[in-house]
Amino acid sequence: MAKVLIIGAGPAGVSAALYAKRGGAEVTVISGGVELSGLLRAEKIENYYGFAEGISGAELYAKGIAGARGLGVEFVDEELLDLGYNDDFTGFKAVTKAGTITADSVIVATGAARQTLQVPGLQEFTGKGVSYCAICDAFFYRGKNVGVIGAGEYALHEAQTLLPHAAQVVLLTNGEQPAVTPPPEITVHAGKITALQGAERLSQVEFADGSSLPLDGVFVALGTAGSTAIAKKLGVQLAGSNIKVDEHMATNVPGLFAAGDCTGGLLQIAKAVYQGAEAGLAAVRYLRGKKK
């Protein structure tokens, strides 16, 4: 059976992995460290089936992964930097710092959409100088000056994607110490961002010290690649910031499924586990149909 790649190791992702593996697929989960699961922030869970005395989120998270490992599911503890189509558009490829992983089907289980930067101008200039996908929009900034908001591997990856197109790329860390070392071609500006400004389009970024930086475009790449960023890169339909799925957790992109909090609705473990199971089974059915 072909490979199923799952992004996220929370209840939805691990449930999907269990069902896809038992369905005969080769399964790899990008766990991306602890940040991809909100379960780890739960001190005690008392309303989940089978745990009368309650259980901590961290313990339930660990038990889920241990069970999947026991079935032979592979876990890659790396941050997802990019997800796209393979060269002949017959499958998908995920980029991590450790390398590229190819798959015939993907299940997105990254949890709820991450908070974006809360500064004046961000919403107003979205699509008018503010973007969330470097590979999608780099072409529009040929020979122009752009910034990437973020301080980690994801932000650096987006900045490097822009380098061949833009005249200048600035990493805007928004007051944070960069967790990466950019190449010399990428300038780092550590000022705290207070506003994005412009007339019809974005024209500059303003900082807390009163200074400003003229820019033609800004790409938001805070934290790790969340569900909304992944969806936009692949042309997946959204409902607000949630990924749209059908009753079998399928998106509008063939072979791409989503489960858990990233689909919206009830943000509970029970719902995530159900959707993960459905997505895992649906991915196996998709692969079988593709093989014929």
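Student: In this predicted model, with which side chain does the side chain of Lys-233 make a polar contact?

Tutor: Lys-233 is found in helix H5, which covers residues 227-234. Apart from neighbours within four places in sequence, the residues in contact with Lys-233 include Asp-82, Cys-133, Tyr-154 and Glu-158. Among these contacts, the polar one between side chains, at 3.1 Å, is made with Glu-158.

Student: Does Lys-233 count as buried or exposed?

Tutor: The relative accessibility of Lys-233 is 12%, and the cut-off to apply is that a residue under 20% is taken as buried. Lys-233 therefore counts as buried.

Student: Which strands stand at the edges of the open sheet of five strands?

Tutor: The sheet has the order E3-E2-E1-E7-E18, with parallel pairing. A strand with a single partner has one side left without a neighbour in the sheet, so the edges are formed by E3 (74-76) and E18 (256-258).

Student: Which residue in E7 stands opposite Leu-5?

Tutor: Strand E1 (residues 3-7) runs parallel to strand E7 (residues 105-108), and four bridges join the two. Within E7, the residue opposite Leu-5 is Val-106.

Student: At about what angle to E7 does helix H6 run?

Tutor: Helix H6, comprising residues 269-291, lies across E1, E7 and E18. Relative to E7, the helix runs at about 165°.

Conventions:
Residues are numbered from 1 along each chain as its sequence is written. This is a predicted model: local features need pLDDT of at least 70, side-chain atom pairs count only at pLDDT 80 or more; totals for chains, interfaces and linings use all residues. Side-chain values use heavy atoms; hydrogens and water are left out. Two strands pair if DSSP finds at least two bridges between them. Contact means heavy atoms within 4.5 Å. Axes are lines fitted to C-alpha atoms, for helices over the stretch in contact, and angles run from 0 to 180 degrees between N-to-C directions. Buried means under 20% relative accessible area, exposed over 50%, partly exposed in between (1.4 Å probe, protein chains only). A polar contact is a pair of N or O atoms within 3.5 Å; within protein, one must be able to donate a hydrogen and the other to accept it, and residues adjacent in sequence count only if both atoms are side-chain atoms.
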